[in-house]
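My notes follow in the order in which I made them.

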Amino acid sequence: MHTRPVFGEDHALFRAQVRRFIAEQIAPHYAQWERDGITPRALWRAAGEAGLLNCQLPEPYGLGGDIGHAACVIEELARANYLGIGFSIHSDMVAPYLMQYGSDEVRARWLPAMARGEAIGAIAMTEPGAGSDLKAIRTRAERQGEHYLLNGQKTWITNGSNADVVVVVATVAPELGARGLSLFCVDTALPGVTRGAPMAKIGQHAQDTSELFFQDVAVPVSHLLGKEQRGFDYLGEQLAAERMAIALRAAASAEGMLDETVAYVRQRKAFGRFLIDHQNTRFVLAGAAAQLAMLRSFLDQCLAAQLQGRLDATVAAMAKLNATELQGTILDDLLQLHGGYGYSSEYGIGRAWTDARALRIFGGSSEILREIIGRTL
C-alpha cells in the first residue's frame, strides 16, 4: 500500500500492533467463531488490554488517540477479512454517543469498562416495521418520576447477544414523528430487557446479531442522552462518522481481497498457463487496482477532513455510497477469477463476498444515500 499522508508515525506503529493482535488473537480462531455465531467475551478483554477499543476517546475513557487510530483498527480487520468482529460498533458508534451526550455518571459507569473490553456496547435503532424510517419508530419511553418506562422491540442489533449497554432510540412524543425521538443509555441487566435468539444471516456469521425486547424497563432519568426530543439531531450528528467507518471497512476489504486474488492467480493454472498470464485476468485486476486507488485517495481526503472536525455529511454519504458499491462490484469480479473455488468456503473470497453485502444496507442504504446526495444538487 502506498504512503498515506493522512496517517502519522504513531498511526503506523499502532497499525503494526493491530496486525499482530489480529494474527495472534483472531486468525487462529475465527473459523470457529463463524460456526459459533458469536465472538467470545475473552476476545474483547484481550482487545481492551491491547488498546484496540475506544481508540479515539480521551483517557480514562479510551486510548487517548484520534480517529486515525480508530481507522487503523477498522481497516486492518477488514483487510484481513474479519468483518464479523464488532469492535467498530462498540468503539466508533456507541462510545461517542455516551461520551458526547452522556452525563458524568454515564461516562464514568460505562466508558472505562468499554475501553477495557469488560462491557460491550450496541446501538438499538432499527425496528421490525420501521427500518430506516425513523419517524416510524414505535419504541416508547414515558417519564415517570425519576425514571423513564421503556417499551418496545428492536431488531438487527450488532453485538446484541453480548451487549451490556445499549444506546436505544425511543420516542417520548409519538405525535411529533422523528422530532419526538430521544436517546437512552440502557443497561441490559435491567429487569424487562430480554434478547431474542441469534438472527440467521447470509454473512458476518461471527458477529452476534439479535433482537432486543423492552418491557416496562425502568431507565433512570440520568441515563437520558442529551436532551429530550433531540434524538433525531444527535443521530444526524453522528451518522457522518458512522458512514465513514463503513466506507473504510469496504475499501480495506476490497484491497485485501485484491491482494489475495493476485497471489491466487499467480499459482493457479488454467489451459496450461497461470491465470495471471491470461489477458482477461490482468485486465480485471488492473481495473480493480485503478478504481481502488481512486477510492482510497478520496477516502483519505475525507478522513483528513474528519480528523480536523470538518467532514461534511453529504460527502460522508458519497464516501459510503462509492465505497460499498465499488466493493460489491470488485469482490464479485475477484470471486469470478477463483472459478468454482470462489463459491466454496475454502477460500476467503467467498466469505468476503457474502459479508460485504450488508454494507450497502447498514448506516443508510445506497438508495437513501442517493436521495440525501440528490437533495443537495
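The entries below start with conventions and then go through the model by topic.

**Conventions**

I am working on a predicted model, in which local features need pLDDT of at least 70 and side-chain atom pairs count only at pLDDT 80 or more, while totals for chains, interfaces and linings use all residues. Residues are numbered from 1 along each chain as its sequence is written, and side-chain values use heavy atoms, with hydrogens and water left out. I took helices (H or I, at least four residues) and strands (E, at least two) as DSSP runs numbered from the N terminus.

**Entry 1: cavities**

Rolling a probe the size of a water molecule over the atoms shows where empty space is left. I used a 1 Å grid over the protein atoms alone: a cavity is a set of points where a 1.4 Å probe fits but cannot get out, a pocket is an open set with protein on both sides within 12 Å along at least five of seven lines, and lining residues have an atom within 4 Å of a point. Grid points are joined across faces, edges and corners, and a volume is the space filled by probe spheres set on the points.

I found two cavities of 30 Å³ or more. The largest cavity has a volume of about 100 Å³. I listed 15 lining residues for the largest cavity, with V73, I74, L77, F87 and S88 nearest its centre. Helix 4 (67-79) and helix 5 (87-101) each give at least two residues to this lining, and helix 4 has the largest share, five residues. I sorted the lining by class (Ala, Val, Leu, Ile, Met, Phe, Trp, Tyr, Cys and Pro as nonpolar; Asp, Glu, Lys and Arg as charged; the others, Gly among them, as polar). For the largest cavity this gave 11 nonpolar, two polar and two charged residues.

The second largest cavity has a volume of about 40 Å³. Its lining consists of D92, M93, Y97, Q238, A241 and E242. The classes are three nonpolar, one polar and two charged.

**Entry 2: the second largest pocket**

I put the volume of the second largest pocket at about 440 Å³. It is lined by 24 residues, and Q56, I67, Q238, A241 and Q306 are the closest to its centre. Helix 4, helix 5 and helix 7 each contribute at least two lining residues, with the largest share, eight residues, from helix 7. I counted 15 nonpolar, six polar and three charged residues in this lining.

**Entry 3: E76**

Is E76 buried or exposed? E76 has a relative accessible area of 4% and is therefore buried (buried is under 20% relative accessible area, exposed over 50%, partly exposed in between, with a 1.4 Å probe and protein chains only). E76 sits in helix 4.

I then checked its polar contacts (N or O atoms within 3.5 Å; within protein, one must be able to donate a hydrogen and the other to accept it, and residues adjacent in sequence count only if both atoms are side-chain atoms). The E76 side chain makes one with the side chain of R15 at 2.6 Å and another with the side chain of R19 at 2.8 Å. Leaving aside residues up to four places away in sequence, E76 touches R15, V18, R19 and I22, where contact means heavy atoms within 4.5 Å.

**Entry 4: T281**

T281 lies in helix 8 (residues 279-307). T281 counts as buried because its relative accessibility is 5%. Not counting residues up to four places away in sequence, I found T281 touching V265, L275, I276 and L337.

**Entry 5: strands**

I took two strands as paired if DSSP finds at least two bridges between them. Strand 1 (residues 121-124) points G121 and I123 one way and A122 and A124 the other way, and all are buried. Strand 1 runs parallel to strand 4 (residues 165-171), with four bridges, and I123 has V167 as its bridge partner.

Strand 4 and strand 5 are antiparallel and share seven bridges; T171 stands opposite L181. In strand 5 (residues 181-187), six of seven residues are buried. Strand 5 also joins strand 8 (residues 224-225) through two bridges, antiparallel, with L183 facing L225 as bridge partner.

**Entry 6: helix 10**

In helix 10 (residues 348-356) I noted G348, I349, G350, A352, D355 and A356 as buried. The buried residues of helix 10 pack against helix 7 and helix 9 (313-337).
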